[in-house]
Amino acid sequence: MSCVGLFGNSCGDRTSDNTANTSGQITQSTIEMPKPIMPTTAQETFASVCAVCHGVKGEGNLALRSPSIAGLPTWYVHMQLDKFVSHQRGTHPQDMQGQQMHAIAKALTPAMKNAAANSIEQLLHFPTTSALCGNSCKGEDLFKNNCIDCHRYNASGEIAFRSAPLTGLQDWYMVAQLIKFRNGIRGKIAGDEDGAKMHLQTGSMTDEQFRDVVAYIADLAQRYRSEP
Ligand code: HEC
Ligand code: HEC
């Protein structure tokens with residue numbers, strides 16, 4: 001019996017930005033990056049600093065290559081901000097987007113980090129949708145064989161494994177990160193044990209398989225909408 005994706009992907013209804021994101025080339029966006037303003041109180045950090053690139057609802061921005069961070073749990077936000085500060089993420093010369101976050105994270109005080117993480121956790125997450133024409137049936141096999149042990153049956157991540165919640169991230173962002181992990185642009189710095197797991201995991205995977213597995217994660221995001 002042929003397998004049909006659960007929610008039917010709507011393929012190709014985005015602009016050529018998709019190709020730029022999934023070609024394997026990590027290039028700097030040609031548009032000028034917005035300049036965040038430093039807030040006067042820590043509570044204003046999300047609105048004054050983070051929202052400039054991640055959107056007022058934390059929904060992300062394809063043109064800026066900034067992910068949807070709405071609803072990410074505080075432990076994961078702190079973990080990634082610490083990695084950006086400690087050079088474990090965002091210092092590779094080809095990681096233009098990570099370098100932006102490295103600069104931002106370094107400028108935050110502990111109070112600002114706490115306030116931003118709390119604001120982000122309270123935002124409603126945006127369930128992943130799929131427009132990259134991946135085959136979610138093949139993606140299901142890939143996910144069940146290679147990802148489920150760490151990211152859970154519903155791809156919601158697991159604090160015990162420090163694995164990222166995936167179902168609120170955009171498809172193009174996940175594919176871009178999987179390419180970065182595979183190509184050693186993320187997950188290869190000494191001390192980044194979590195990233196190293198992803199580098200190992202993606203080592204023999206193709207871009208097509210990344211699109212397939214992300215299509216299945218979009219299915220999971222719809223199926224478990226009430227379990228962010
Ligand atoms: C100048 C634009 C810009 C600003 C301002 C900005 N970010 Fe980011 N952020 C990005 C980009 C681009 C990425 C993707 C990095 C990558 O591709 O690895 C990112 C990634 C992240 C991630 C990693 C998400 C994940 O799923 O791993 C977190 C967490 C994050 N940002 C939090 C913040 C917080 C908190 C603030 C405000 C204090 C902030 N960002 C401000 C552009 C920005
Ligand atoms: C051995 C455990 C493990 C396995 C197996 C695993 N992951 Fe991960 N994954 C992690 C951890 C830990 C992180 C956080 C990495 C970091 O801190 O940079 C992560 C991060 C990610 C990210 C980045 C999320 C973000 O917000 O930037 C994506 C996407 C991802 N994994 C997808 C997958 C997919 C798809 C598979 C299967 C092909 C998979 N993972 C298999 C542990 C795992």
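By class, the shell around ligand 1 has 17 nonpolar, seven polar and one charged residues. Here Ala, Val, Leu, Ile, Met, Phe, Trp, Tyr, Cys and Pro count as nonpolar, Asp, Glu, Lys and Arg as charged, and the others, Gly among them, as polar. The model is a predicted one, in which local features need pLDDT of at least 70 and side-chain atom pairs count only at pLDDT 80 or more, while totals for chains, interfaces and linings use all residues. Residues are numbered from 1 along each chain as its sequence is written, and chains are lettered from A and ligands numbered from 1 in the order in which they are written.

**Surroundings of the ligands**

Ligand 1 is surrounded by 25 residues, of which Cys 50, Cys 53, Gln 97, Gly 98 and Ala 116 are the closest. Two or more residues of this shell come from each of helix H2 (45-54), helix H3 (74-85) and helix H4 (96-106). H2 gives the most, with six residues. A residue is near a molecule if its C-beta atom, placed from the backbone, lies within 6 Å of it. Helices are DSSP runs (H or I, at least four residues) and strands are runs of E (at least two), numbered from the N terminus.

Around ligand 2 there are 21 residues, and the closest are Cys 147, Cys 150, Ser 163, Ala 164 and Asp 194. The elements that give two or more residues to this shell are helix H6 (136-146), helix H7 (148-151), helix H8 (171-182) and helix H9 (193-202). With five residues, H9 gives the most. The shell around ligand 2 divides into 11 nonpolar, six polar and four charged residues.

**Packing of helices**

Axes are lines fitted to C-alpha atoms, for helices over the stretch in contact, and angles run from 0 to 180 degrees between N-to-C directions.

| Helix pair | Angle | Axes |
|---|---|---|
| H3 and H5 (residues 110-122) | about 135° | 9 Å apart |
| H2 and H5 | roughly 75° | within 9 Å |

H2 and H5 are therefore roughly perpendicular to each other. Angles under 35 degrees count as roughly parallel, over 145 as roughly antiparallel, 65 to 115 as roughly perpendicular and the rest as oblique. Thr 45, Phe 46 and Cys 50 of H2 make the contact with Met 112, Ala 115, Ala 116, Ser 119 and Ile 120 of H5. Two residues are in contact if their C-beta atoms, placed from the backbone, lie within 7 Å. By class, this contact of H2 with H5 has six nonpolar, two polar and no charged residues.

H3 packs against H5 at about 135°, which makes H3 oblique to H5. On the H3 side the contact is made by Thr 74, Val 77, His 78 and Leu 81, and on the H5 side by Lys 113, Ala 117, Asn 118, Ile 120 and Glu 121. The contact of H3 with H5 has four nonpolar, three polar and two charged residues.

**The chain as a whole**

The chain has 10 helices and zero strands. Among contacts with a separation of 6 or more, 72% are between residues 24 or more positions apart.

Pro 93 lies in the loop between H3 and H4. Pro 93 is exposed, with 7 other C-beta atoms within 10 Å. Its C-alpha atom is separated by 8.2 Å from that of Ile 185, 92 residues apart along the chain.

Key: A residue is buried if 20 or more other C-beta atoms lie within 10 Å of its own, exposed if 12 or fewer, and partly exposed in between; C-beta atoms are placed from the backbone.
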